[in-house]
Amino acid sequence: MPNASSWSASSPLLLLWEDSSGTRIFLSLLYAVLAISGTLSNVMVIYLVFSFKKLQTTSNAFIVNGCAADLSVCALWMPQEAVLGLLPPNSSSLRSAEYRLLRGGLLGLGLTVSLASHLLVAFNRYVLITKLPSVYQALYQRRHTGCMIGLSWALALLLVPLLPGLWTPGSAQQPPPRQTDGGPRYTALLLALAVLGQTALLLHCYLGIVRRVRGSAKRICKIYFYQHCARISESGEAAQRRLSSVSVLLLCCVFLLGTQPLVWVSLLGFFLRPAPPALQAASWLLLCSLSALNPLLYTWRSEEFRRAARSVLPRGEGAAAPRPAAAAGP
């Protein structure tokens, strides 16, 4: 059996070739649960935004963009990993370089756009809360919003082919070859630095929001009730209770929990020694699990999303039917 140093810290492979059958079955079941829950939650958010005019805001456009990217991971990549964990060691599917490239492309595309969408949502909310309305309206015109979303996909499509070693590890049933150069190590370092920089910008935006909205119900409600801030702010006590900045800090904590283990495992592997394979796998699993959690992170505090969800669920028979989708302003 190879030692931990034979594994690149950048490998997104979560099913290790030397794992026991019991471990592989457990991970396959975990993949299946994440795939089902993540697919349903992402599809639900996309459907609600397109079906309810009140939800068609610029911030929600970026959330939908992230949900579409997360579907690449939850609906396309995770089910394949769940099935591969149950295949025999000599399966031809596991040996196909083209198939591994396809799986890596799906993972890389989804995670890159998803991380970019996190930043787009954070910056959108930061401008909305901390800048003048005229600045927000000028920056987030319809065409500007479309360009931002398009650039996130263009960046992902550019990076995935340029960094094949990051997203296409060796076969799950065979040990990866020992690396003779520093290519994969530098790829892992670039990934860690990119995620670390993105995290710093995201925290700057959200902590700036928290400082600005502290004690201001009218400003904090814009994050979740952009269409109805004036009405909700009439009840300051209720708005403070339901729309406190604690939810913003909770979002940051969950994001840090999902991304930072991979960052520090990658940095450890570059500067000191590779982390144990199980720790590498766990850090990637946490990052990938964000694709299933993201829809809940951005909608659980929104009363508009909850009302829309109740209206389409079976017990919401008395609620108003979804309004036809219409063009919404920025």
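Why does Ile25 count as partly exposed? Because its relative accessibility is 42%. Partly exposed sits between buried, under 20% relative accessible area, and exposed, over 50%, using a 1.4 Å probe and protein chains only.

A word on the source. This is a predicted model, where local features need pLDDT of at least 70, side-chain atom pairs count only at pLDDT 80 or more, and totals for chains, interfaces and linings use all residues. Residues are numbered from 1 along each chain as its sequence is written, and side-chain values use heavy atoms, with hydrogens and water left out.

Back to Ile25. Find Ile25 in helix H1, residues 21–51. Helices here are DSSP runs of H or I, at least four residues, and strands are runs of E, at least two, numbered from the N terminus.

Next, helix H4, residues 97–130. H4 has 34 residues and spans 49 Å from first C-alpha to last, close to the 50 Å expected at 1.5 Å a residue. That expected span is 1.5 Å times one less than the number of residues. Of the 34 residues in H4, 25 are buried.

Now the whole protein. We have 14 helices and zero strands. Buried residues are 49% of the 330. The protein exposes about 15700 Å², with 68% of it supplied by carbon and sulfur atoms.

Definitions and conventions: Areas by Shrake-Rupley, 256 points an atom, 1.4 Å probe, with all protein chains shown as cover.
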